[in-house]
Amino acid sequence: MKLGTARVGGREVVIALDAEGRARVVEDARDMLDLIDRWEALKGNLRLSRDPIELSDLQILPPIPRPPRSLFCVGKNYREHAEEFTKSGFDSSASGPNDAIPEHPIIFSKVQDCIVAHGEAVRYPEGVSNGLDYEAELAVIIGRGGRAIPRSEALDHVFGYAIFNDITARDLQARHKQWLIGKSLDTFGPFGPWIVTADEVDPADLDIRCWVNGELRQSSNTRHLIFDVQTLIETISAGLTLHRGDIIATGTPAGVGIGFTPPRYLIRGDKMAVEISKLGRLENTVV
Ligand code: MG
């Protein structure tokens, strides 16, 4: 099922899309986190509004508009991207040019206030950074929380999947060593438009693509993840509890702006589009 959050007539509601792509309000849920909490009981017979709403008549919000805590993100999780990033000289996590491929997942966090919806602007951080970059990523939404989740059970803890664009200020990422500031500037987290529930998605075989102004920059498949979704959940939850509604952005494939010589940073007016099989298309413009 394809689920989202939208503003309809001034009210924030959870919506479900039908096969024709029209929205109906999910009347059982106060918001997406409430729906995730009660999903096991509700999923068989969701109460949906009778009349569909055309997408043009509603304002799409991020599928989880206010995540309860920071996003978990994964660095260098596609081989070719790990190599392009380390070669670029901006990789403060590498000890040298031969240290591109991580032995263990690199987990960092991104402050959740940076999240913006499909169609919302990414604001150019004038005077703060001149090194804006895009990163198309598969995001995992945790359903049932847990600690010490083994990889054999990891996918049972996933509510669904969504598209994420891990916007990054490369100069800040390099200068501050820790990546949090460079990853968390306001509006640096385009997310959505939908969450597709886990029963409809094989996270190990999804095409992932990103365009800037119509030019294809990134094109890969999640089968090329160095650390798959199960490994990421097992690793993160080993000693810290994952909660329902937690978001894990699984890393980006090769083709980011910094992989070009010279780097092709984002500028004002650039239109980004990210597509992942079955999950839809996420579009945002830098303003
Ligand atoms: Mg990333």
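Which residues lie nearest the centre of the largest cavity? They are Gly-75, Lys-76, His-81, Glu-135 and Lys-183, among the 14 residues that line the largest cavity. The tour returns to them below.

**Before starting**

This is a predicted model, in which local features need pLDDT of at least 70 and side-chain atom pairs count only at pLDDT 80 or more, while totals for chains, interfaces and linings use all residues. Residues are numbered from 1 along each chain as its sequence is written, and side-chain values use heavy atoms, with hydrogens and water left out.

**Stop 1: the two domains**

Colour residues 2–61 as domain 1 and residues 71–285 as domain 2; these bounds come from an automatic or database domain assignment. The centres of the domains, taken over C-alpha atoms, are separated by 26 Å. Where the domains meet, 13 residues of domain 1 are in contact with 15 residues of domain 2 (contact means heavy atoms within 4.5 Å).

**Stop 2: the largest pocket**

Select Trp-39, Glu-40, Lys-43, Val-158 and Phe-159, which are the closest to the centre of the largest pocket out of the 19 residues that line it. On a 1 Å grid over the protein atoms alone, a pocket is an open set of points with protein on both sides within 12 Å along at least five of seven lines, a cavity is a set of points where a 1.4 Å probe fits but cannot get out, and lining residues have an atom within 4 Å of a point. The volume of the largest pocket is about 380 Å³; grid points are joined across faces, edges and corners, and a volume is the space filled by probe spheres set on the points.

Now show helix H1 (32–37), helix H2 (39–42) and E10, each of which supplies at least two residues of this lining. Helices (H or I, at least four residues) and strands (E, at least two) are DSSP runs, numbered from the N terminus. Domain 1 and domain 2 each give at least three residues to the pocket lining.

**Stop 3: the magnesium ion**

Select the magnesium ion, coordinated by Glu-135 (OE), Glu-137 (OE) and Asp-166 (OD) at 2.0 to 2.1 Å. Donors are N, O and S atoms within 2.8 Å of the metal (3.2 Å for Na, K and Ca), and water is not among the atoms, so sites may look incomplete. The donor residues follow the spacing E-x1-E-x28-D in sequence. Glu-135 sits in the loop between strand E8 (132–133) and strand E9 (136–142), and Asp-166 in the loop between strand E10 (158–165) and strand E11 (168–169), 31 residues apart. Both Glu-135 and Asp-166 are buried (buried means under 20% relative accessible area, exposed over 50%, partly exposed in between, with a 1.4 Å probe and protein chains only).

**Stop 4: the largest cavity**

Return to Glu-135, which also lies by the centre of the largest cavity. The volume of this cavity is about 60 Å³. Strand E5 (71–75), helix H3 (79–88) and helix H5 (170–175) give two or more residues each to its lining.

**Stop 5**

Select Ser-220 in strand E15 (residues 215–221). Ser-220 has a relative accessible area of 18%. Beyond four places in sequence, its contacts include Tyr-78 and Pro-253.

Finish at Val-286, in the segment after strand E18 (280–285). Val-286 is buried, with a relative accessible area of 1%. Among the residues it touches, not counting those up to four places away in sequence, are Val-122, Leu-266 and Met-272.
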